[in-house]
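Welcome! Have a look at the model below, and then let us walk through it together, topic by topic.

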Amino acid sequence: MLKVKHLKKNYASFSLDCSLEVKPGYVTGLIGQNGAGKSTTFKAILGLIQCDGGSIEIFGQSALNEEDKQLLGVVLSDSGFSGYLTISDIIPILENLYKRFDKSFFLRMVNQFELPKNKKIKEFSTGMKAKLKIIVAMSHQAQLLILDEPTAGLDVIARDELLDMMRDYMAEDDQRSILISSHISSDLETICDDFYMIHNGRVMMHEDTDVLLSEYALLKVDNQQFEQLDKAYILKYKKESYGYSCLTHQKQYYRENYPNIVVENSHIDDVMTMMIRGEKS
Amino acid sequence: MKGLLIKDFKLMLIQKNFFIIIIVVTCLISISSQDPTFMIGFITLILSLFTVSTISYDEFDNGYPFLLTLPFSRKTYVLEKYVYGLILGTGAWIVSVMICSLMFIVQGKPVTSDMLIGAFVILPMFLVIESLMIPVHLRFGGEKGRYALIACVGVLVVIGFVVMKIVEIFHIDVLPLILAIDALGPVMFMVILLMIGFLIMLVSLKVSLSIMNKKEF
């Protein structure tokens, strides 16, 4: 569906070198701090910026053409339809741009989320804007959704509703895929099949979400335990007030061989913090 | 392209009150000055400004990145601005010529060839103005575009002044040129002016496409 190989983009104070793949039927997450290169990667995939190197293959093509864009649904965190338009205005625009625009689905979702049809988008709340963006992206039977922070600014209930929408969307067609970035890691844990972690423009980690949640763990050890610990499966460690916290991808090994140490199930946030701030063992 | 045209007409409708005021004021000026031809130029040129105002609306609140993910190419986007400008300009020209003719009839004046020539001269002017404004706004955006446009007009005025000075200093005889234009007759002259206008617009289109293709969002 989407293959990015050593995508390069150089700015004065930042350089990107990113490789990732989104397989058919997969929901792939892209996580990283602000300024890590997530949005630059999205923009390069969408052809909004020119690349300095590497390759992008999307729908089997090296660049997006008008026909390919029919198969693409996009949410960008900081960009959307002109704020001077209303939902009533954008319906005929979408009808004439997308061959497979599903007006009844669009209106059903607009009503479900109680979005006003005749109010200018610039007067919408952050949450209303986010809901509209995702409804637009899903309203034309796209094969690939590229969602940059789609749940930003939403409350818990609205986030759950949108995540349900994404699940329904994937359930309708097993060839559909989603590439999603979010700073709310719990969103990604519940929806993503795999994820890439990006830091300072480089992919630090690629892992299946199931593996991360079942095999990765945080070991909390004091100084003496740390000295005696077999560090063969420790990815990163960090000094703490009580001793050390260590990130491992072999939880079972430490549970079996070190019954006295604290082994906590890790989440994406923990992994990201350790991968970025921790020291390599 | 149809979807983009709908978007731009919807954006233009936001300014409908401004447009109505312009028509009313122009009609009043035309009636009081006893010169209805004034409105043809004024309305057509004001309407041509709406083309670049849609570029400003597109870029409002960082709208461009999302807009360009919709199913059209950058080439289509640029072409649409010219098509929209032509629809708007020629539409405004036709309507204002009709209102003007109606005012002539109401005032009991005959619709003269002078009025028609005056009306036709507006069309190549409109083409040149659109050709100048669209690439400047695409390159510099709404805010800086205004200053860039003023600078462009300034440069054109300076060029015109320099040409006049050269003619004056070197005593170049422009009479044969004037006679040659006169010999063409008004219809042929208008056709040539229109062709020049379209030629300038084609060059402008090429420049705009190059600007848009190089832009990063």
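**A strand and its partners**

In E13(A), Glu264(A) is the bridge partner of Leu218(A). Keep in mind that this is a predicted model.

**Strand E10 of chain A**

- Strand E10 covers residues 217-221 of chain A, and four of its five residues are buried, so the strand is largely enclosed by the rest of the structure.
- E10(A) and strand E13 (residues 262-265) of chain A run antiparallel and are joined by four bridges.
- E10(A) also pairs with strand E12 (residues 243-248) of chain A, through five bridges, and these two run antiparallel as well.
- Which residue of E12(A) stands opposite Leu219(A)? Look for Cys246(A).

**Two domains in chain A**

- Chain A is divided into domain 1, residues 2-208, and domain 2, residues 216-280.
- Between the C-alpha centres of these two domains of chain A there are 34 Å.
- Where the domains meet, domain 1 of chain A brings nine residues to the contact and domain 2 of chain A brings six residues.
- On the domain 1 side, the elements giving two or more residues are helix H7 (185-191), strand E8 (194-199) and strand E9 (202-208) of chain A.
- H7(A) gives the most to that side, with three residues.
- By class, the domain 1 side has five nonpolar residues, three polar and one charged.

**Where chain A touches chain B**

- How many residues does each chain give to the contact? There are 26 residues from chain A and 23 residues from chain B.
- On the side of chain A, helix H2 (66-70), strand E5 (72-75) and helix H3 (87-97) each give two or more residues.
- H3(A) supplies the largest share of that side, five residues.
- The side of chain A that touches chain B is made up of 13 nonpolar, seven polar and six charged residues.

**Chain B, built from helices**

- Chain B has eight helices and zero strands.
- Its C-alpha atoms fill a box of roughly 55 × 50 × 25 Å along the principal axes.
- Chain B has 217 residues, of which 27% count as buried.
- Taking contacts in chain B between residues at least 6 apart in sequence, 82% join residues at least 24 apart.
- Helix H3 of chain B (residues 37-59) has 23 residues, which at 1.5 Å a residue should span 33 Å; its end C-alpha atoms are 35 Å apart, which agrees.
- After H3(B) comes Asp61(B), which has a positive phi, near 55°.

**Nonpolar cores**

- In soluble globular proteins, nonpolar side chains tend to be buried together.
- The largest nonpolar core here has 84 residues, and those touching the most other members are Leu2(A), Ile45(A), Val74(A), Ile135(A), Ala137(A) and Ile146(A).
- Helix H5 (residues 126-138) of chain A provides the largest share of this core, eight residues.
- Both domain 1 and domain 2 of chain A give this core at least three residues each.
- Beyond its neighbours within four places in sequence, Ile146(A) is in contact with Phe42(A), Ile45(A), Leu46(A), Leu72(A), Val74(A) and Leu179(A).
- Another core, of 23 residues, lies apart from the largest one, and its members include Val52(B), Ile55(B), Cys100(B) and Ile134(B).

Note on methods. Residues are numbered from 1 along each chain as its sequence is written. Chains are lettered from A and ligands numbered from 1 in the order in which they are written. This is a predicted model: local features need pLDDT of at least 70, side-chain atom pairs count only at pLDDT 80 or more; totals for chains, interfaces and linings use all residues. A residue is buried if 20 or more other C-beta atoms lie within 10 Å of its own, exposed if 12 or fewer, and partly exposed in between; C-beta atoms are placed from the backbone. Two residues are in contact if their C-beta atoms, placed from the backbone, lie within 7 Å. Ala, Val, Leu, Ile, Met, Phe, Trp, Tyr, Cys and Pro count as nonpolar, Asp, Glu, Lys and Arg as charged, and the others, Gly among them, as polar. Domain bounds come from an automatic or database domain assignment. Two strands pair if DSSP finds at least two bridges between them. The expected span of a helix is 1.5 Å times one less than its number of residues. A nonpolar core is a set of buried Ala, Val, Leu, Ile, Met, Phe, Trp, Tyr and Cys residues joined through C-beta atoms within 7 Å.
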